[in-house]
Amino acid sequence: MLGIDCPKPCKGRWPTPPFDPRFPKQNQTRNCYQNFLDYHPCVKRMNRRGRSTQPCEHYFRVFHALCPMSWVQRWTEIKDGTLAGKI
């Protein structure tokens with residue numbers, strides 16, 4: 001369900017992620033990781049409320065644009081309580 005594939009069919013053009021003032025430096029590693037961590041609780045919260053997960057798509061697109069796929073795969077494999085972040 002929360003794999004590395006698109007949550008829905010990917011349509012349209014994916015622009016470069018917008019500037020995030022929390023991460024002003026050139027190194028976007030923390031931005032990548034934070035958006036990965038923000039995406040999963042967003043999906044859980046929206047599913048629990050019975051709403052569409054479309055608002056969470058922003059986080060998904062940002063972390064997929066910024067993060068190397070090997071990182072995303074590793075984080076997805078170890079997110080069962082061992083990831084150094086709250087999901």
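View 1. Let's start with Arg48, which sits in helix α1, residues 29–49; helices here are DSSP runs of H or I with at least four residues, strands are runs of E with at least two, and both are numbered from the N terminus. Arg48 is exposed, with a relative accessible area of 69%. For this and later views, buried means under 20% relative accessible area, exposed means over 50%, and partly exposed lies in between (1.4 Å probe, protein chains only). Together with Lys44, Arg45, Arg49 and Arg51, Arg48 forms a positive surface patch. Patch members have over 30% relative accessible area and no salt bridge, with like charges joined within 9 Å; Lys and Arg count as positive, and the charge is placed at NZ of Lys or CZ of Arg.

**A note on the model.** Please keep in mind that this is a predicted model: local features need pLDDT of at least 70, side-chain atom pairs count only at pLDDT 80 or more, and totals for chains, interfaces and linings use all residues. Residues are numbered from 1 along each chain as its sequence is written, and side-chain values use heavy atoms, with hydrogens and water left out.

**View 2. The whole protein, for orientation.** Stepping back, the protein has 3 helices and 0 strands, in the order α-α-α along the sequence. Of its 87 residues, 26% are buried.

**View 3. The salt bridge between Arg22 and Asp20.** Here the two side chains meet in a salt bridge, with N to O at 2.8 Å. The term stands for a side-chain nitrogen of Lys or Arg within 4 Å of a carboxyl oxygen of Asp or Glu, and the protein has 2 salt bridges by this rule. Look at the two partners in turn: Asp20 is buried at 15% relative accessible area, whereas Arg22 is partly exposed at 46%.

**View 4. The salt bridge between Arg61 and Glu57.** In this pair, the closest N and O atoms are 2.6 Å apart. Arg61 and Glu57 are separated by about one helical turn, because they lie 4 residues apart in helix α2, residues 57–66. Arg61 is partly exposed, with 24% relative accessibility.

**View 5. Asn35 and its contact with Asn31.** Back in helix α1, we find Asn35. This residue is buried, with a relative accessible area of 3%. The side chains of Asn35 and Asn31 are joined by a polar contact of 2.6 Å. A polar contact is a pair of N or O atoms within 3.5 Å; within protein, one must be able to donate a hydrogen and the other to accept it, and residues adjacent in sequence count only if both atoms are side-chain atoms.

Definitions and conventions. Patches are made of residues with over 30% relative accessible area and no salt bridge: like charges are joined within 9 Å, nonpolar side chains (Val, Leu, Ile, Met, Phe, Trp, Tyr) within 5 Å. Accessible areas come from the Shrake-Rupley method with a 1.4 Å probe; for residues, only the protein chains shown count as cover.
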